[in-house]
Amino acid sequence: DEAQRRVGFNGIKLEDLNKSPVVGRLRGWIGLPWGFVAELGFVPPVSLNGTKPRDVFSAAIGRRLIDDNGFVVSARVVGQHGAAVGDITCPADIAGSQDYARNPFGCDAPSSDTLSMNYYGFDGTAALVAGAWTWHGSLGLVRMENEVQVDALTYGLPDRSRLVAQHDQVYVAAGVGRDFW
């Protein structure tokens, strides 16, 4: 929403953060000795709405800790490293416009900003299998170490501002699945 997009210039500038409603990620799993499972992921560098992922890789390693009569508990460590490059600060649709209402910060050209999206952490999942249904819940903690490097031309001057944010985030997830075959 607009409040979440109002992050630039100490919270007074709307940023074009909603570049894509979905992101495709190639993922694969491989079984390892002693019951461990490794997961690797990669976001292909496909441009969408003026933004392109750059070297976005993820990895996780996990293991079932309990597997007893339909009750399963597992744990894993996770991480992601990579970035996206795009016209976030000065979107192409307003860059160069002389209309102050549309372009109040004087974007002369589309920006080429870099958003680094790095995190690492751990989570645990408990699942209960009841017939064809599986109920599950997860609890985790990630350390996000994000950075935005602005590369914009505003009012004829280059803007190379850099914003670094580090934050620990707890998350929960729950769901249900059903086997159909």
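Predicted model: local features only at pLDDT ≥ 70, side-chain atom pairs only at ≥ 80, totals over all residues.
Reading from the N terminus, the elements go α-β-α-β-β-β-β-β-β-β-β-β-β. The protein has 181 residues, and 27% of them count as buried. On contacts: if you take those with a separation of 6 or more, residues 24 or more positions apart account for 55% of them.

Let's start with the sheet. Seven of the strands form an open sheet, and the order across it is E3-E4-E5-E6-E7-E8-E11, with antiparallel pairing. At the edges stand E3, residues 26-31, and E11, residues 162-178; each has a single partner strand, so one side of each is left without a neighbour in the sheet. Going from one strand to the next, the twist averages 15 degrees.

Now zoom in on E4 and E5. Strand E4 covers residues 36-43, strand E5 covers residues 51-68, and eight bridges join the two, running antiparallel. At one spot, Phe36 stands opposite Arg63 in E5. Those two side chains also meet: the charged end of Arg63 sits over the ring of Phe36, 5.6 Å from its centre.

Staying with these strands, what about aromatic pairs? The count comes to one. That pair is Phe42 with Phe57: the ring centres are 5.0 Å apart and the planes are at 35 degrees, so we call it tilted. Phe42 lies in strand E4 and Phe57 in strand E5, so the pair ties together parts that are 15 residues apart in sequence.

One more thing in E5. Asp55 is found in that strand, and its phi is near 50 degrees, which is a positive value in a residue other than glycine. Tyr155 is another one to look at, with a positive phi of about 50 degrees although it isn't a glycine. Tyr155, though, is placed in the loop between strand E9, residues 152-154, and strand E10, residues 157-159. With a relative accessible area of 56%, Tyr155 counts as exposed.

Next, the cysteines. How many disulfides does a search of the whole structure find? One. It joins Cys90 to Cys107, with an S to S distance of 2.2 Å. The torsion about that S-S bond is about -70 degrees, so this is a left-handed disulfide. Where do the partners sit? Both Cys90 and Cys107 are in the loop between E6, residues 71-86, and E7, residues 113-130, and they are 17 residues apart. As for accessibility, Cys90 is buried, and so is Cys107.

Last stop is Ser116, which you'll find in strand E7. Its relative accessible area is 17%, and the cut-off for buried is under 20%, so Ser116 counts as buried. What is Ser116 in contact with, leaving aside its neighbours within four places in sequence? On one hand there are Gly82 and Ala83, and then there are Glu145, Asn146 and Glu147.

So, to recap: an open antiparallel sheet of seven strands, one disulfide, one aromatic pair, and an arginine, Arg63, with its charged end over the ring of Phe36. That's what I had for today, thanks.

Terms used. Residues numbered from 1 in each chain as written. Heavy atoms only, no water. Pairing = 2+ DSSP bridges. Helix = DSSP H or I, 4+ residues; strand = E, 2+ residues; numbered from the N terminus. Axes fitted to C-alpha atoms, helices over the stretch in contact; angles between N-to-C directions. Disulfide = S-S within 2.5 Å. Buried < 20%, exposed > 50% of the residue type's maximum accessible area, 1.4 Å probe, protein only. Phe/Tyr/Trp six-rings, centres within 6.5 Å; stacked < 30°, edge-to-face > 60°. Lys NZ or Arg CZ within 6 Å of the ring centre and 35° of its normal. Contact = heavy atoms within 4.5 Å.
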